[in-house]
Amino acid sequence: MTHTVSIEDSGVRYACAPQESLLSGLHRLGLRGIPVGCRGGGCGVCKVEITGGEFSTRAMSRDHVSDDDLAQRRLLACRVYPSSDLSVKVIGKLQKKVCTPAADR
Amino acid sequence: MALTGVLRPGHAQVRVLDLEESVRFYRDVLGLVETGRDAQGRVYFKCWDERDHNSYVIREADRAGIDFFGFRVLDQATLDRLDADLKAYGLATERIPAGEMLGTGERVRFTLPSGHVIELYADKHKVGNGIPLVNPAPWSKARDHGIAPVRLDHALLYGPNVAEVHKIFTEVLGFYLVERVLTPDGQGNAAIWLSCGQKVHDIAFAEYPEPGKLHHCSFLMESWDQVLRAGDIMSMNQVAVDIGPTRHGVTRGCTIYAWDPSGNRFETFFGGHLPYPDYETLTWTFDNFGQGLDYPQRKLHETFLTVVS
């Protein structure tokens with residue numbers, strides 16, 4: 001049984017199995033909408049806010065997910081597994097920071 | 001003896017989010033040899049052909065990334081001299097007592113202006129590679145377990161103040177600059193590849209605003225065929241692959257970049273040219289960084305510049 005994941009603002013909807021992360025479900029279908037990085041909860045680029053639905057999670061790097069993020073359901077899509085239909089808003093992005101001074105970001 | 005001072009990369013300690021999942025990955029997929037666990041819960045590994053007790057250590061933490069990267073130096077006198085030289089240069093050092101890491105002698109630890117912790121040590125227990133020292137066979141069956149690289153080869157670290165880091169490695173630690181990528185304005189180095197021997201690099205750095213970041217730890221394969229075999233094993237085990245198999249323009253090395261289960265990138269690497277300290281540095285302009293990274297595709301993969309742990 002799969003659940004339907006909707007990415008707000010983009011109109012992308014896809015089926016995701018409960019044992020599959022939101023990111024891998026999207027990526028496997030060749031769809032875009034959430035930035036893809038390490039896929040292991042370490043780099044933070046796939047951050048989303050879960051705006052509706054139930055889910056489970058696995059450990060993700062606290063460099064990218066604060067206590068406040070956890071409370072607000074702002075999580076890394078590669079570590080979130082759907083247990084109902086879900087809607088998400090994309091927060092993370094791939095920022096080109098090589099050679100970029102901190103002040104310019 | 002021609003090779004003195006800093007001899008080689010000796011160990012990396014990396015943070016993982018789930019220890020046992022990571023142990024299974026590093027032992028059974030990457031094919032490292034587990035050599036011990038300590039009271040802090042750290043798990044120690046070496047590559048099959050390495051002779052010292054450990055080269056890659058993982059610990060469970062709530063964030064991914066690298067704790068420190070260590071280099072083996074020739075002997076205790078060299079360790080003492082380099083400690084004094086680092087202090088004279090203006091860097092604070094501390095001594096970590098022998099035995100704090102399993103099988104490992106006293107370490108001299110300091111922090112680079114890029115935010116990375118670097119260690120030097122002169123002694124590590126020689127556990128051997130399972131092959132006798134007299135009439136040795138060319139390999140053991142450990143070579144066929146998982147990806148099975150032969151050694152920890154180098155690391156690429158991302159952080160600020162690369163120009164300062166370059167000076168410390170070349171003026172204090174005896175490294176030389178093998179290759180570099182210029183900044184977009186051509187006035188500085190965006191990335192540097194440094195060697196302490198005749199390897200194409202022993203450590204590399206790229207300019208990045210956040211300190212102390214890990215781009216990848218690299219493991220040496222014996223052939224291009226072994227790199228392709230590594231790619232097969234990654235896919236068989238659903239490992240998240242980043243780039244490759246392909247060949248770098250920088251170093252000429254063959255490569256796959258992929259991520260461990262916690263999002264720490266690693267590389268399976270083969271080849272590269274063999275520089276000498278008198279060779280001129282090879283320079284890449286920033287607009288040719290794509291060839292430097294992926295020579296056949298000439299592609300500056302976005303994740304190379306953006307995804308670190």
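Predicted model: local features only at pLDDT ≥ 70, side-chain atom pairs only at ≥ 80, totals over all residues.
1. Chain B holds 6 helices and 17 strands.

2. Overall dimensions come next. The radius of gyration of chain B is 18 Å; a compact globule of 309 residues would come near 19 Å, so the value agrees with that form. Along the principal axes, the C-alpha atoms fill a box of roughly 50 × 45 × 45 Å.

3. Burial and surface can be read together. Of the 309 residues in chain B, 59% are buried. The accessible surface is about 12100 Å². Carbon and sulfur atoms account for 51% of that surface.

4. Helix H1 of chain B spans residues 19-29. Its buried residues are Leu19(B), Glu21(B), Ser22(B), Val23(B), Phe25(B), Tyr26(B) and Val29(B). As background, an α-helix has 3.6 residues a turn, so residues three or four places apart point the same way.

5. Asp18(B) caps the N-terminal end, with a side-chain oxygen 3.3 Å from the backbone nitrogen of Glu20(B). Just after the helix, Gly31(B) takes a positive phi of about 85°.

6. Glu34(B) takes part in two of the listed charge pairs. With Arg27(B), the N to O distance is 3.7 Å. With Arg37(B), the salt bridge has an N to O distance of 2.9 Å. Buried or partly exposed? Glu34(B) has 28% relative accessibility, so it counts as partly exposed. Arg27(B) is also at 28% and partly exposed. Arg37(B) is partly exposed at 40%. In general, side chains of opposite charge can pair when their charged atoms come close.

7. Arg63(B) and Asp62(B) form another salt bridge, their closest N and O atoms being 2.9 Å apart. Arg63(B) has a relative accessible area of 28%, which means partly exposed. Asp62(B), at 43%, is partly exposed too.

8. A network of salt bridges links Asp38(B), Arg42(B), Glu100(B), Arg107(B), Arg109(B) and Glu119(B). Across all chains, the whole structure contains 33 salt bridges.

Definitions and conventions:
Residues numbered from 1 in each chain as written. Chains lettered and ligands numbered in written order. Heavy atoms only, no water. Buried < 20%, exposed > 50% of the residue type's maximum accessible area, 1.4 Å probe, protein only. Helix = DSSP H or I, 4+ residues; strand = E, 2+ residues; numbered from the N terminus. Polar contact = N/O pair within 3.5 Å; in protein donor to acceptor, adjacent residues only side chain to side chain. Salt bridge = Lys/Arg side-chain N within 4 Å of Asp/Glu carboxyl O. Rg over C-alpha atoms; globule rule 2.2 N^0.38 Å. Areas by Shrake-Rupley, 256 points an atom, 1.4 Å probe, with all protein chains shown as cover.
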